[in-house]
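I opened this model to go through the helix, the metal site and the charged pairs in turn. My notes follow in the order I looked things up.

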Amino acid sequence: MTEKHKHFGLGTAAGVVGLIVLAGIIGLITVYSGGYNVAATEDHSAFGRWAAATTLKNSIQSRAPTDDPPSFTEAMVEAGAGEYKAMCQHCHGGPGIDRAGWAEGMLPEPPHLTEAAAHWEPNEIYWILDHGIKSSGMPAFGPSHDEEALWNLTAFVTDLPGMTQTDYEAMGSSGHHDDGHEH
Ligand code: HEC
């Protein structure tokens, strides 16, 4: 290696270390200065929205179980419907049913699952229900519900896209309503 190359290598290393230190300082300034607005009334920048949506998709895809999901029966969908109406509808709405007014004040807004559920595989929906989504208001139901209840909900959510309001309203009314306090 020539003298010139050695200097170039050292210069690059110093530059990289400098950038890392600078990124750390900017991070600490952001944390301590109060400059970042945590208000739910102020949306992320376009970059922030892209980064959040892409992180969400990739994080869930890489963590969802890889075994085949159980085959869903009408009874599972029916049982899931009762749970959904009790625990999810106020945030996510349902076919022909709006979210609760206060859910409009959340950021991110809970998506209408009648459309959003079509973007996820059953195993991914199961993972989301089991673990929730950090810092978004989407709760983890795994700590309060067993696997059977989570698969019933997954079966129901998988059926949501294309479900009519009449079908939705007829479902789950006789079902068992689990408020998560029984365990
Ligand atoms: C307190 C409000 C709230 C409740 C209750 C709630 N969720 Fe959510 N949910 C959210 C929010 C907010 C998001 C969006 C998270 C994000 O995009 O980072 C979300 C995201 C999801 C997603 C991913 C959809 C997507 O495309 O982003 C699914 C699936 C889901 N919820 C299902 C459910 C089910 C099923 C229940 C009931 C067992 C439920 N949620 C209860 C607020 C809620």
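I started with Val 17, which lies in helix H1, residues 3–33. The model is predicted, and I read everything below with that in mind. Val 17 also belongs to a nonpolar surface patch of about 350 Å², together with Val 21, Ile 25 and Ile 29.

I then checked the record for this stretch. UniProt, in an unreviewed entry, places a "transmembrane region" at residues 12–32. I looked up the secondary structure of residues 12–32 and found 100% helix and 0% strand, with the end C-alpha atoms 30 Å apart.

Over residues 75–161 I noted 51% helix and 0% strand. The end C-alpha atoms of residues 75–161 are 18 Å apart.

Next came the metal. Which residues coordinate the iron atom of the ligand? I found His 92 through NE2 and Met 138 through SD, at 2.0 to 2.1 Å. I noted where the two sit in the chain: His 92 is in helix H4 (residues 89–92), and Met 138 is in the loop between helix H6 (122–131) and helix H7 (147–159). The pair is 46 residues apart and links distant parts of the chain. I logged both His 92 and Met 138 as buried.

Why is the arrangement around the iron atom octahedral? There are 6 donor atoms, and they subtend angles of 88 to 178° at the iron atom, which makes the arrangement octahedral.

Last, I listed the charged pairs. The structure holds 3 salt bridges. One of them joins the side chains of Asp 43 and Arg 49, at 3.3 Å from N to O. Asp 43 is partly exposed at 42% relative accessibility, and Arg 49 is partly exposed at 41%.

I found Arg 99, Glu 104 and Glu 109 linked in a network of salt bridges. Glu 104 meets Arg 99 at 3.2 Å, N to O. Between Glu 109 and Arg 99 the closest N and O atoms are 2.8 Å apart. Glu 109 lies in the loop between H4 and helix H5 (113–116), and Arg 99 in the loop between H4 and H5, so the pair ties together parts 10 residues apart in sequence.

Is Arg 99 buried or exposed? I put Arg 99 down as buried, because its relative accessibility is 11% and the cut-off for buried is under 20%. Glu 104 is partly exposed at 40%, and Glu 109 is partly exposed at 41%.

Key
Residues numbered from 1 in each chain as written. Predicted model: local features only at pLDDT ≥ 70, side-chain atom pairs only at ≥ 80, totals over all residues. Heavy atoms only, no water. Patch = residues over 30% accessible without salt bridge, like charges linked within 9 Å, V, L, I, M, F, W, Y side chains within 5 Å. Areas by Shrake-Rupley, 256 points an atom, 1.4 Å probe, with all protein chains shown as cover. Salt bridge = Lys/Arg side-chain N within 4 Å of Asp/Glu carboxyl O. Helix = DSSP H or I, 4+ residues; strand = E, 2+ residues; numbered from the N terminus. Donors = N, O, S within 2.8 Å, 3.2 Å for Na, K, Ca; no water. Tetrahedral: all angles 85-135°; square planar, octahedral: opposite > 155°, others 65-115°. Buried < 20%, exposed > 50% of the residue type's maximum accessible area, 1.4 Å probe, protein only. UniProt positions renumbered as here; feature names shortened; annotations may be inferred.
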